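Have the sequence and the model at hand as you read.

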Amino acid sequence: MRDGDRTAITMASDYRGEPDEFAMVVPVPTVITRDQIRVVDRGVIAHLDAFSAPRLVEYFDADPCRVREELARPAASAAGRGGGVARDMRQAKSLGVTIEAQYTVGEYDILILSASDSQGLERWLRLNEYRIPRGASAVLRSYIRQDMKFFVAKVNLEAQARLGYAMLRPIQVTFTSPKFMLPIRLGTVNASGPQDLLVYALTRRGRVETTNYRTVKLPSGQEIPVYVRDRFADFYRSMFAEQVRRQGMTTVFTEYAWDMGWCDPCAADPLTPDELRQLGVWWLDEGAGRGRQAPFLTRLHVRYDGTHFPEDLVFQTTADTSNFQGRYVLRHAWTGDATCAAADRYRASLRDRHEQEARQLAVLTGWNINDIRRDMRGLGEGSR
């Protein structure tokens, strides 16, 4: 959530391994106090994802012998050791590290660090069992030069067991800073390959875009074969990978941009005011009695690594309130028995239409056109 210089970042991470091996190190522009940190219900993030996810829409051809409106209906949417942190202030100081604050929030033990020496910070993290790969000091150094602090979180296993959460909940920090950015470079150091990042940006004014990388809209609105309905997850993964390849993994993609006051149609129910407040949308109560100002939601998707994205993501809020969503169209052919000249022309046109859908699918995904034609024939589409 971004409003003026006010920011709330809610982070939900997928990770591999046991919870006691999980740690998060996030550069932040200022010291974070205890009341600026909280955990958020995972369901809120899942709801936000379902609401904004790329999706299918289905249309059904009418009887060509009768004049009637085309029917449409929406389809389903797509797509550290707990308690073991050494808190020896003298050790930290000897390495140029200052522990500015320490808290326990939900199932997380949290430290706010500042540092004067990147190698000292890297060594301190290692001594305290954070799995920082060799060479991280080069990335840490650039944040230290910007006078940024470090928000460090580990899982407190006792607190997690007491609270009864099997999955780690998203963690949120709020702060005020003119910097509107998301630090991603530190995460590239220990990654085994490219990573995917989804950013859901909530603002008062309009669409969010990156200023130091190209932001482009994902391909949308194309008609594709009906059989994709049962393979939408495979389709979307292939389609996104193909777009990343074509752009040389140097681009941030817009998947959704819409005023949350309405949707056409909605892929999921809109978020409730309480859910929006959990995500940091603090101004809802300002409109009590006068109509609330719904936030504008931008969903960005980026696949990145340290080579192709050497800088952190820097954002700006624009005045662009035009609506956009990643949507893909399935057109079901009419299969009735009526006979008329229009029906004859309609049936004759289907072969060309199905071929065009096959070619469109191949362009979007990089799939082999002959495999697509075979799959279409198996379901009665395309030429035989």
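Q: How do you know what share of the 384 residues counts as buried?
A: Of the 384 residues of the chain, 48% count as buried, where buried means under 20% relative accessible area, exposed means over 50%, and partly exposed lies in between (1.4 Å probe, protein chains only). This is a predicted model, in which local features need pLDDT of at least 70 and side-chain atom pairs count only at pLDDT 80 or more, while totals for chains, interfaces and linings use all residues. Residues are numbered from 1 along each chain as its sequence is written, and side-chain values use heavy atoms, with hydrogens and water left out.

Q: Why is Ile112 called buried?
A: Its relative accessible area is 0%, and the cut-off is under 20%, so Ile112 is buried. Ile112 sits in strand E8 (residues 108-115); strands here are DSSP runs of E with at least two residues, helices are runs of H or I with at least four, and both are numbered from the N terminus.

Q: What makes Thr254 buried or exposed?
A: Thr254 has 1% relative accessibility, and the limit for buried is under 20%, so Thr254 counts as buried. Thr254 belongs to strand E15 (residues 251-259). Between Ile112 and Thr254 there are 33 Å in space, C-alpha to C-alpha, and they are 142 residues apart in sequence.

Q: What is Ile112 in contact with, leaving aside its neighbours within four places in sequence?
A: Contact means heavy atoms within 4.5 Å. By that rule the partners of Ile112, leaving aside neighbours within four places in sequence, include Val31, Ile32, Thr98, Tyr103 and Phe151. For Thr254, not counting residues up to four places away in sequence, the residues touched include Thr215, Leu218, Arg299 and Phe324.

Q: What makes a set of 61 residues the largest nonpolar core?
A: A nonpolar core is a set of buried Ala, Val, Leu, Ile, Met, Phe, Trp, Tyr and Cys residues joined through side-chain atoms within 4.5 Å. The largest such set has 61 residues, and Ile110, Phe151, Phe235 and Leu313 have the most contacts inside it. Helix H7 (residues 232-246) gives the largest share of this core, six residues. Another core, of 23 residues, lies apart from it, with Ile99, Leu125, Tyr143 and Met181 among its members.

Q: How do you know that strand E9 (residues 149-155) is mostly covered?
A: Seven of its seven residues are buried. On one side these are Lys149, Phe151, Ala153 and Val155, and on the other Phe150, Val152 and Lys154, which leaves both faces of E9 covered.

Q: Which strands pair with E9, and over how many bridges?
A: Two strands pair if DSSP finds at least two bridges between them. Strand E3 (residues 23-28) and E9 have six bridges and pair in the antiparallel sense, with Phe150 in E9 as the bridge partner of Pro27. E8 and E9 are also joined by six bridges and run antiparallel; here Ala153 in E9 is the bridge partner of Ile110.

Q: Why do strands E11 (181-182) and E13 (208-210) stand at the edges?
A: The open sheet of three strands has the order E11-E17-E13, with antiparallel pairing. E11 and E13 each have a single partner strand, so one side of each is left without a neighbour in the sheet. E13 pairs with strand E17 (residues 313-317) over three bridges, and Val208 has Thr317 as its bridge partner in E17.
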